[in-house]
Amino acid sequence: MNPQKTYPIVLSIAGSDSSGGAGIQADLKTFSALGVYGATAIAAITAQNTQGVNSQFALSPQMVYEQIVAVVDDLQPSVVKIGMLSNSEIVHAVADALSKYSLKIILDPVMVSSSGHRLLSIEAQDVIKERLLQMSTLITPNIPEMEALTGMRLVAYPEKEKASRYLMDCGAKAVLLKGGHEEGDIKTDILYSKFNGKLRIDTFASDTIYTKNIHGTGCTLSSAIAAFMARGYLLPDAVAEAKHYVSDAIQAGANIKIGHGFGPVNHGFNPQPMEIIDVKDDSL
């Protein structure tokens, strides 16, 4: 009798993007493109397109909680990606649900859309720091999000390291500070993690791709990291592979027109077959 097989499974807890370029939709496209099975717990619904977010509607915290528990109890994902959570009540519900399990968690602290629409309440920022940071394997803020979480102005490298140390002191096991908001022909992300009790710093530089089609890049990156971790990659390697995937996806979609604003990346430029792995516990 052949041993039971399954797929690497990732759960995304995030908001829905009606235009399909970011949020839950981008997460599922990324998971599929990288050969892992994606499940979802939707925290909020947005009415948005490539030109901006028109409105949003947060689901009830209880419904978010029940989605998470339903998925984790049955599918048993190995990694969770957290994106848009909308308000403090939902943040509490997510923390309450995930505290029941031992899972790798990639936290993308989505606060404001690229068009300037606030997607996370000010109160929820504090709850994320109080509850979710200490549960997170990795947090992936861009520079404005990092400044909001730390209250620090980030200009020079020493300030970035100080801010990252602060978030790790708050409980995050690792911080990936994204450099996409910076100017120049090279964009550099910096991964701060711990190795043998000491701070480890890895940098990931890539050429700037000049295109308007960058909608959902943050969601896509955090989901790609989660996907590679579900496939067994160690954190620095998962970040490196995810960075390559996102850069290639931006390049592949750079000259495509979707909508009248900031278009999506090409998630499916080189889809991988679904990875098949042994079930760890044959009794499942």
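The exercises below work through selected features of this predicted model, each with its solution.

Residues are numbered from 1 along each chain as its sequence is written, and side-chain values use heavy atoms, with hydrogens and water left out. Because the model is predicted, local features need pLDDT of at least 70 and side-chain atom pairs count only at pLDDT 80 or more, while totals for chains, interfaces and linings use all residues.

**Exercise 1. Describe the stacked pair of Y7 and Y37, and state which parts it ties together.**

Step 1. Rings of Phe, Tyr and Trp (its six-membered ring) pair if their centres lie within 6.5 Å; planes under 30 degrees apart count as stacked, over 60 as edge-to-face and the rest as tilted. The structure holds three aromatic pairs.

Step 2. For Y7 and Y37 the ring centres are 6.2 Å apart and the planes are at 5°, so this pair is stacked.

Step 3. Helices (H or I, at least four residues) and strands (E, at least two) are DSSP runs, numbered from the N terminus. Y7 is in the loop between β1 (5-6) and β2 (9-17), and Y37 is in strand β3 (residues 37-49), so the pair ties together parts 30 residues apart in sequence.

Step 4. Buried means under 20% relative accessible area, exposed over 50%, and partly exposed in between (1.4 Å probe, protein chains only). Y7, at 37%, counts as partly exposed; Y37 is partly exposed too, at 36%.

**Exercise 2. Which rings have the charged ends of R200 and K212 over them?**

Step 1. A charge sits over a ring if NZ of Lys or CZ of Arg is within 6 Å of the ring centre and within 35 degrees of the ring normal.

Step 2. The charged end of R200 sits over the ring of F195, 5.9 Å from the ring centre.

Step 3. The charged end of K212 sits over the ring of F262, 5.7 Å from the ring centre.

**Exercise 3. What surrounds K129, and how far away is the nearest side chain of opposite charge?**

Step 1. K129 is placed in helix α4 (residues 122-132).

Step 2. Lys and Arg count as positive and Asp and Glu as negative; His and the chain ends are not counted. K129 is buried yet has no salt bridge, and the nearest side chain of opposite charge, D126, is 5.1 Å away.

Step 3. Contact means heavy atoms within 4.5 Å. Not counting residues up to four places away in sequence, K129 touches L149, Y166 and C170.

**Exercise 4. Which residues of the largest nonpolar core touch the most other members?**

Step 1. A nonpolar core is a set of buried Ala, Val, Leu, Ile, Met, Phe, Trp, Tyr and Cys residues joined through side-chain atoms within 4.5 Å.

Step 2. The largest core has 43 residues, and I13, I68, I82, L85 and V94 touch the most other members. Helix α3 (residues 88-98) supplies the largest share of this core, six residues.

Step 3. Leaving aside neighbours within four places in sequence, the contacts of I82 include I13, V94, L98 and L132. A second, separate core of 29 residues includes I106, L191, A249 and I250.

**Exercise 5. Locate Q76 and N196, two residues with positive phi.**

Step 1. Phi of Q76 is near 55°, a positive value in a residue other than glycine. Q76 is in the loop between α2 (61-75) and β5 (79-82), and is partly exposed at 43% relative accessibility.

Step 2. N196 likewise has a positive phi near 55° without being glycine. N196 is in the loop between β9 (186-195) and β10 (198-207), and is exposed at 68%.

Technical notes:
A salt bridge is a side-chain nitrogen of Lys or Arg within 4 Å of a carboxyl oxygen of Asp or Glu.
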